[in-house]
Amino acid sequence: MQRDYDLNLSPIQAYGSELNQVWTYLIDNAIDALADHPTPTIKLRTCQEETHLLVEIADNGPGIPPEMQPRIFEAFFTTKAVGQGTGLGLDMAYRIVRKHGGDIYFESISSNTQFYVRLPVAVLTTPRVFRRGE
Ligand SMILES: Nc1ncnc2c1ncn2[C@@H]1O[C@H](COP(=O)(O)OP(=O)(O)OP(=O)(O)O)[C@@H](O)[C@H]1O
Ligand SMILES: [Mg+2]
């Protein structure tokens with residue numbers, strides 16, 4: 001697992017345990033995609049794009065066939081064997097990200113699948129108190 005974390009990100013307002021589920025769903029999918037790979041690699045990257053944080057999770061597995069790409073966020077869409085997957089991971093990830101005002105999408109060509117999660121940074125609404133002389 002390669003990690004490339006930006007350590008100067010703005011804070012976000014979020015349900016941390018829910019976002020943890022999102023990373024888990026995406027990393028579980030990457031691990032499944034790499035099951036038979038001789039040189040499995042998962043890359044995690046975070047960065048800030050002005051008002052949003054971007055989290056990238058990439059794997060060098062076989063990729064998602066183009067004809068399946070439009071369907072993978074659907075609930076119960078799975079290509080895994082019965083008992084291996086319910087097809088709910090990406091549906092849940094999508095709901096959680098949308099609830100946080102964010103966006104989740106991917107790009108996949110053979111041997112390179114990248115999922116992106118974009119989350120808005122917190123807007124500080126608490127007014128600052130001023131006194132004379134400040
Ligand atoms: N990184 C990936 N590489 C290749 N295919 C993927 C990847 N991520 C998702 N998919 C495809 O999208 C489908 C749906 O993913 P999703 O996480 O929703 O369900 P699942 O992994 O099949 O089951 P569950 O997450 O419920 O255990 C997968 O079955 C797989 O075909
Ligand atoms: Mg899954």
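1. In this predicted model, Tyr105 stands opposite Tyr116 in strand 5. Strand 4 and strand 5 run antiparallel and are joined by seven bridges; two strands are said to pair if DSSP finds at least two bridges between them. Two residues lie between the strands in the hairpin of strand 4 and strand 5, where Ser111 has a positive phi near 65 degrees. Strands (E, at least two residues) and helices (H or I, at least four residues) are DSSP runs, numbered from the N terminus.

2. On conventions, residues are numbered from 1 along each chain as its sequence is written, while chains are lettered from A and ligands numbered from 1 in the order in which they are written. As the model is predicted, local features need pLDDT of at least 70 and side-chain atom pairs count only at pLDDT 80 or more, whereas totals for chains, interfaces and linings use all residues.

3. The chain contains two helices and five strands, and the elements follow one another from the N terminus as β-α-β-β-α-β-β. Its radius of gyration is 18 Å, well over the 14 Å that the globule rule gives for 134 residues, so the chain is more spread out than a compact globule. The radius is taken over C-alpha atoms, and the rule is 2.2 Å times the number of residues to the power 0.38. The C-alpha trace spans about 70 × 30 × 25 Å along its principal axes.

4. The five strands form an open sheet with mixed pairing, in the order 1-2-3-5-4. Strand 1 (2-4) and strand 4 (103-109) stand at the edges with a single partner strand each, so one side of each has no neighbour in the sheet. On average, neighbouring strands are turned by 15 degrees against each other, direction ignored. Helix 1 packs on this sheet and touches strand 2, strand 3 and strand 5; its direction makes about 20 degrees with that of strand 3.

5. Strand 3 has antiparallel partners in strand 2 and strand 5. Strand 2 (residues 42-49) pairs with strand 3 (residues 52-59) over eight bridges, and Gln48 stands opposite Leu53 in strand 3. The hairpin of these strands has two residues between them, and Glu50 takes a positive phi near 55 degrees. Eight bridges also link strand 3 to strand 5 (residues 112-120), where Thr113 is the bridge partner of Asp59.

6. Helix 1 and helix 2 pack at about 145 degrees with their axes 9 Å apart. Axes are lines fitted to C-alpha atoms, for helices over the stretch in contact, and angles run from 0 to 180 degrees between N-to-C directions. The crossing is left-handed, meaning that the near helix is turned anticlockwise from the far one by less than a right angle. Among the contact residues are Leu19, Val22 and Leu26 of helix 1 and Leu90, Ala93 and Ile96 of helix 2; contact requires C-beta atoms, placed from the backbone, within 7 Å. The residues of this contact divide into nine nonpolar, three polar and two charged.

7. Around ligand 1 there are 20 residues, of which Asn29, Thr78, Gly85, Gly89 and Leu90 come nearest; a residue is near if its C-beta atom, placed from the backbone, lies within 6 Å. Helix 1 (16-33) and helix 2 (89-99) each supply at least two residues of the shell, and helix 1 gives the most, with four. The shell divides into eight nonpolar, nine polar and three charged residues. Ala, Val, Leu, Ile, Met, Phe, Trp, Tyr, Cys and Pro count as nonpolar, Asp, Glu, Lys and Arg as charged, and the others, Gly among them, as polar.

How values were computed: Two residues are in contact if their C-beta atoms, placed from the backbone, lie within 7 Å.
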